[in-house]
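Subject: Structure handover

Hi,

Here is the structure for your files. My notes follow below it.

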Amino acid sequence: MDEARARDVLAAADVLPGAARDAQLLALGENAVFAAGDLVVKVGRDAELLDRARRELDVALWLAESGVPAVRAAESEARLVDGHPVTVWHRLADSVRPADARDLAELLRLVHALPAPSFGLPPRELLGGVERWLRLAGDAIDPADAAYLRERRDGFAAAAAALTPRLAPGPIHGDALPRNVHVGPDGPVLVDLETFSSDLREHDLVVMALSRDRYAYPARAYDSFVEAYGWDVREWDGCGVLRGLGRRLVAPGSLSMRRATLRRGLSFGGGWGLCGTGMRRCGGFRFERLLIRVRWISGRPQVCGGWSRRSPRPFRGAAASDRLVCQLTQWPGAVHHCGLVALAA
């Protein structure tokens, strides 16, 4: 679904004040998100997302009734317009400052104190998309690489099933990062409710621990997260397993955009993925020692820069990207297509 198609659906839905062509595009991924006046409208990629859209509305109502600050729905029912789910939301006031780790921790405490809602929440599924990603990639994935990914998936699934949690399982946000908190005039609120699940509460805490230990998230900020939440998940024996679920599988698609459409058979590294709006898409790929930045230029993916722990100086340009690809293809577990590399760290 591109922006033009999303605007056609928005016009057919006829839910915004004014013409659909004048609505502001806020995001374009599995959902196209538009804003006009006091409303925000999400247009889902296809009808397969209808159940998820309905559940997100149920979660929003449940959080409102429970007194948890979160984005609020303007309509209680999801519409299906020309094969696309459409949901309508109240627009949040402009942010007064960026959200920080403490804001997130305080909201997670509220969510984790809630009992299960009256409607069903699915388990947190981090591995279920692997088979679909491999199917979408088709011949772009070597059979040996596909078998390797499936083996890793099955191993992590078995290890996760054997975990003994420290916290009582229950509702979780499912994508617990400061980017999913909006700080308006009335304080922090949770956004992006699509990933709400019922599972180990530790899932929500491991994300920040992984950010600190692997992705250079500031230690002081992480300490404020732990202080506000009241417990450091890294003290738990099962932390390493859940961390592995978040970083050790490399598969086509984009985790950060929640299963974005695969383009040209390119394998994207798990944990960082496509982002951006409009037709220009950017991506980041984090490996054991590398961070690669990729942009879509004229419909083709191109490495535009990156960083290596071996060499702290960032690299940029075509020559640097060629050198990087040459280096990475020599590492065990590398899967490379279209001149780019996804490494199973």
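Which hand does the crossing have where helix 6 passes helix 7? It is left-handed; a crossing is left-handed if the near helix is turned anticlockwise from the far one by less than a right angle, and right-handed if clockwise.

Some ground rules. This is a predicted model, where local features need pLDDT of at least 70, side-chain atom pairs count only at pLDDT 80 or more, and totals for chains, interfaces and linings use all residues. Residues are numbered from 1 along each chain as its sequence is written, and side-chain values use heavy atoms, with hydrogens and water left out.

**Overall**

The chain has 9 helices and 16 strands. Helices (H or I, at least four residues) and strands (E, at least two) are DSSP runs, numbered from the N terminus. Of the 345 residues, 52% are buried. Buried means under 20% relative accessible area, exposed over 50%, partly exposed in between (1.4 Å probe, protein chains only). Take the contacts between residues at least 6 apart in sequence: 63% of them join residues at least 24 apart. Contact means heavy atoms within 4.5 Å.

Axes are lines fitted to C-alpha atoms, for helices over the stretch in contact, and angles run from 0 to 180 degrees between N-to-C directions. The cut-offs: under 35 degrees is roughly parallel, over 145 roughly antiparallel, 65 to 115 roughly perpendicular, and the rest oblique. Leu205, Met208, Ala209 and Arg212 of helix 6 meet Ala219, Tyr222, Phe225 and Tyr229 of helix 7.

Helix 3 also packs on helix 6, at about 165° with the axes 11 Å apart. That makes helix 3 and helix 6 roughly antiparallel. Their crossing is left-handed. Helix 3 contributes Ala101, Leu104, Leu108 and His112 to the contact, and helix 6 contributes Asp204, Leu205 and Met208.

**Histidine 112**

This residue lies in helix 3 (residues 101-112). Why does histidine 112 count as buried? Because its relative accessibility is 10%. Its side chain makes a polar contact with the side chain of aspartate 204, at 2.9 Å. A polar contact is a pair of N or O atoms within 3.5 Å; within protein, one must be able to donate a hydrogen and the other to accept it, and residues adjacent in sequence count only if both atoms are side-chain atoms. Setting aside neighbours within four places in sequence, histidine 112 touches Pro171, Ile172, Arg201, Asp204, Leu205 and Tyr229.

**Sheet and hairpin**

An open sheet of 5 strands runs in the order 1-2-3-5-4, with antiparallel pairing. Two strands pair if DSSP finds at least two bridges between them. Strand 1 (24-28) and strand 4 (79-81) stand at the edges; each has a single partner strand, so one side of each lacks a neighbour in the sheet. The twist averages 25° from one strand to the next. Strand 4 pairs with strand 5 (residues 84-90) over 3 bridges, antiparallel. There, leucine 80 has proline 85 in strand 5 as its bridge partner. Helix 2 (residues 50-66) lies across strand 2 (31-36), strand 3 (39-44), strand 4 and strand 5, at about 20° to strand 5.

Strand 7 (residues 181-184) and strand 8 (residues 187-190) run antiparallel, joined by 4 bridges. A hairpin links strand 7 to strand 8 through 2 residues. Glycine 184 stands opposite glycine 187 in strand 8.

Best regards
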